[in-house]
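Me: Please take a close look at one part of this structure, the helix contacts, and then go on to the pocket. I would like one connected answer in plain words.

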Amino acid sequence: MLNLRTCAAKLRPLTASQTVKTISQHRPAAPRTFQQIRCYSAPVAAEPFLSGTSSNYVEEMYYAWLENPKSVHKSWDIFFRNANAGAAPGTAYQSPPPLSTSLSVLSQAQFLGQAQPNVDKLVEDHLAVQSLIRAYQIRGHHVAQLDPLGILDADLDSSLPADLITSTDKLGFYGLDESDLDKVFHLPTTTFIGGNESALPLREIIRRLEMAYCQHIGVEFMFINDLEQCQWIRQKFETPGIMQFTNEEKRTLLARLVRSTRFEEFLHRKWSSEKRFGLEGCEVLIPALKTIIDKSSEKGVDYVIMGMPHRGRLNVLANVIRKELEQIFCQFDSKLEAADEGSGDVKYHLGMYHRRINRVTDRNITLSLVANPSHLEAADPVVQGKTKAEQFYCGDTEGKKVMSILLHGDAAFAGQGIVYETFHLSDLPSYTTHGTVHVVVNNQIGFTTDPRMARSSPYPTDVARVVNAPIFHVNADDPEAVVYVCNVAAEWRSTFHKDVVVDLVCYRRNGHNEMDEPMFTQPLMYKQIRKQKPVLQKYAELLISQGVVNQLEYEEEIAKYDKICEEAHARSKDEKILHIKHWLDSPWPGFFTLDGQPRSMTCPSTGLNEEDLTHIGQVASSVPVEDFTIHGGLSRILKTRGEMVKNRTVDWALAEYMAFGSLLKEGIHIRLSGQDVERGTFSHRHHVLHDQNVDKRTCIPMNHLWPNQAPYTVCNSSLSEYGVLGFELGFAMASPNALVLWEAQFGDFHNTAQCIIDQFICPGQAKWVRQNGIVLLLPHGMEGMGPEHSSARPERFLQMCNDDPDVFPKLDDFDVRQLYDCNWIVVNCSTPANFFHVLRRQILLPFRKPVSARSSAPGSVLLWLTVLPSPVAGTHFLRVIPDSGPAAQSPERVKRVLFCTGKVYYDLTRERKARQMEADVAVTRVEQLSPFPFDLLQLEAQKYPAAELVWCQEEHKNQGYYDYVKPRLRTTINRAKPVWYAGREPAAAPATGNKKTHLTELQRLLDTAFNLDAFKDLA
Ligand SMILES: Cc1ncc(C[n+]2csc(CCOP(=O)(O)OP(=O)(O)O)c2C)c(N)n1
Ligand SMILES: [Mg+2]
């Protein structure tokens, strides 16, 4: 940096008059500028092909080549590369290769070595200056003064790029020297540093490049593949004098800094030992966010959905979202009792929803901050999903009205893979939110870890480069530079509808939280921080020196805000209880009563009249558009569906079709997302038909069911579980009147989405009083397909259910009340009809709960036929399916009841038949595992007084359902009898990879299940 400043001083800026003078002085005498090439009228001796008329063309070629060398003919490519590499004029040109010559023949030998003498310095110098300009555009950010402390390199690299003129001797890199500084060069169309001028002296070119790229803003954008977008950014940062602020804007900025700074100071004064993850060192975040919101509001946005981590969250709630201060302050009162159901969350995780007038634009704006867990960055896809849903429901197909802002810490942005997964959703048709503004609070530390130990990339923001998002690094101690880039970022989003990153390079004045001692680990950094003047003070001094405000006005602004805080604090003492529901990020107006209760506690029949079922079935087995050719194999599948409809039977896919189709008729939007869901991993679904003759022509019959039906969205996702499940969870947050389903390709692939399951879906209502009706479809079944294609890990879901295994619930109505009390529902349907009912029940319930549904494993799909009367009107989901055969007819004679769930039922009944034990052994299916059907299973157990009770599962003993079911089953029978186990042995892996072992294991468990002496010795 020292070097740069020395150089900048040497390259004395020219005044405007000097510039003009120099140009006019030099024009006639400077034969080496591009301007001169344009003026040639006679053939140029050095380059046989250059003429006065062709030089324009050459220039165009050159710019095109600079953008993309492959866009010009090979001969031009060689010419420019030679010239760039320092070929003497006249030697850079090589005649084009004959058509028969392969490119490999164009070896290095053809380059400089064989070049002709006869130098033309005109082209050489011109190219040198073009390269220099381009070097600043590409690498200027590496020398920008980004660190407010002046001790760190934001790009983790203290070396200076060789091609930036950080000292005059570096001119030699371009074959130039100090004597060239006053020569005038024509400016290419790929720069805006000239303003209204098309040529400048080299000295001024360098000065302006330094002004644009090497001050407090570092712009990273040259990796963007789109020329228009690059030009847009260049114009925003290169145009001389573009960063201007009116006095009014400066005063607003100061007032916002006052609020941001004094808020933290107030909290510190009142609760000095409370954790709040203060914003000190990045107070500029508040004006930054407000600027993005103001500009976006001016461009038409009226709903902003935000996600952010701990740092500065209370400040954002207070000063950006405008949560009442007393609501924030009373969160610090340890004596207040919680008023809501659920266990609540710490104050710096809570969400918020607020509609107000934007004072700058005088337009309505709704702001929502999504509640999040401690798990950094996990909220990113959730925010995106909610944003997509809000856009969808208000018909905002281009993201002009609803947008998202995501905040990140530097360490988390670089370290967490979910950031990358979320970026990859940003441009997918069914997942795009049409551009997100990302703001990184880059305090150059993560807890106690230095950036050098925390990331391998130069900047924490490099992950954004994968989607061609421009990245604006900015020194957070320069509030005007921050506000400027935030304006540009918001404009970028509204112009191109693509992601953009603002990297606020700042520092963290205190420890990680207010109780931490940072000097243990970062002593020198913190010695410097102690000396650092707060940004508010610096900016106030600047504005006072400029006469924009006076000392008195400044002090009054501070006193005014301090008074607001004091008054709110006094009011907060009147609060008697804490209401988490005041912190709801996604209210569902009209769905609940005014005090947040369900409108009823009943669930209507989930059955459907036969006419509708038949109609859906017919559409599901047809191609509802003209001249559409489907694959022959698919025709056969549809024909089979048609026959099922005629025979009044349904398979798994048809049951799902009927559930979806019926809800669409009732105005419920359905969104099914996941990897390959359109066809279905097991080729059973086929919700999107593809014309075999016309590329990309598709048809979704589900959208051709009813005249005024709700829309059906089915979308193949990117190959991400964490990101996509988070996204769908966010989508489901937006409205209770949608059925949102995420399907895992195989059940256990949800492993990598575990954070969304553990931190959001399972405890979401308990932490944030926020209901969610998302459905997880998790293919599951032991079919010999190996350890990773068998188990959807039901044990994990069951272990996280909140029902007490030892207490028989005292409820009048288990069907609905038990669902209301639970944190989520776990089902494992053994019939397509029950699957149909459980999907419909999701929507017909007067409240919303997440469901994880273990669904069909591949081989069994078509076996699970059921007879049609089951889903018809008046019927409902069966939590338990009792035995209905000979055992049930003479229950007192039954010797054993096998309780089971899912597909193993079919293995058991087949075996029972083969062994002719239908009167001896009853098989009872538990379809809803959680909440546990204590009531129905008690009846089952009582029905067979003489029978042994056995839990039978195909999963290994330490997996599956056994650990969950056993204590609950014992509770239902008042622990009167043992509950035995028939199933696979405990194991480390979910399933064997060996087919034979698989079958042996299956036979062994069936043997145990039907060996009536199996447990004699154990009793
Ligand atoms: C996924 C995850 N891992 C670890 C943590 C523990 N943790 C909380 S804050 C923090 C440091 C975060 O650093 P950074 O992202 O730079 O944010 P800052 O605190 O500096 O604002 C860590 C490691 C966490 N909350 N989430
Ligand atoms: Mg940090």
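Reply:

**Helix contacts and the pocket**

In H10, the residues Leu285, Ile286, Leu289, Lys290 and Ile293 meet Asn315, Val316, Asn319 and Val320 of H11. By class, this contact of H10 with H11 has 6 nonpolar, 2 polar and 1 charged residues. The model is a predicted one. Helix H10 covers residues 285–298 and helix H11 covers residues 313–321; their axes come within 10 Å and cross at roughly 45°.

Another contact joins helix H9 (residues 247–270) and H17, whose axes come within 11 Å and cross at roughly 105°. That angle makes H9 roughly perpendicular to H17. On the H9 side the contact is made by Lys250, Leu253 and Leu257, and on the H17 side by Pro479, Glu480 and Val483. These residues divide into 4 nonpolar, no polar and 2 charged.

H17 (479–496) also gives two or more residues to the lining of the largest pocket, as do helix H7 (202–213), helix H8 (227–238) and helix H19 (535–545). This pocket has a volume of about 650 Å³. Its lining consists of 26 residues, and Met211, Ala212, Gln215, Ile217 and Met243 lie nearest the centre. By class, the lining has 12 nonpolar, 6 polar and 8 charged residues.

Note on methods
Residues numbered from 1 in each chain as written. Chains lettered and ligands numbered in written order. Predicted model: local features only at pLDDT ≥ 70, side-chain atom pairs only at ≥ 80, totals over all residues. Heavy atoms only, no water. 1 Å grid on protein atoms, 1.4 Å probe; cavity = no way out; pocket = protein on both sides within 12 Å on 5 of 7 lines; lining within 4 Å. Points joined across faces, edges and corners; volume = space filled by probe spheres on them. Helix = DSSP H or I, 4+ residues; strand = E, 2+ residues; numbered from the N terminus. Nonpolar A, V, L, I, M, F, W, Y, C, P; charged D, E, K, R; others polar. Axes fitted to C-alpha atoms, helices over the stretch in contact; angles between N-to-C directions. Contact = heavy atoms within 4.5 Å. Parallel < 35°, antiparallel > 145°, perpendicular 65-115°, else oblique.
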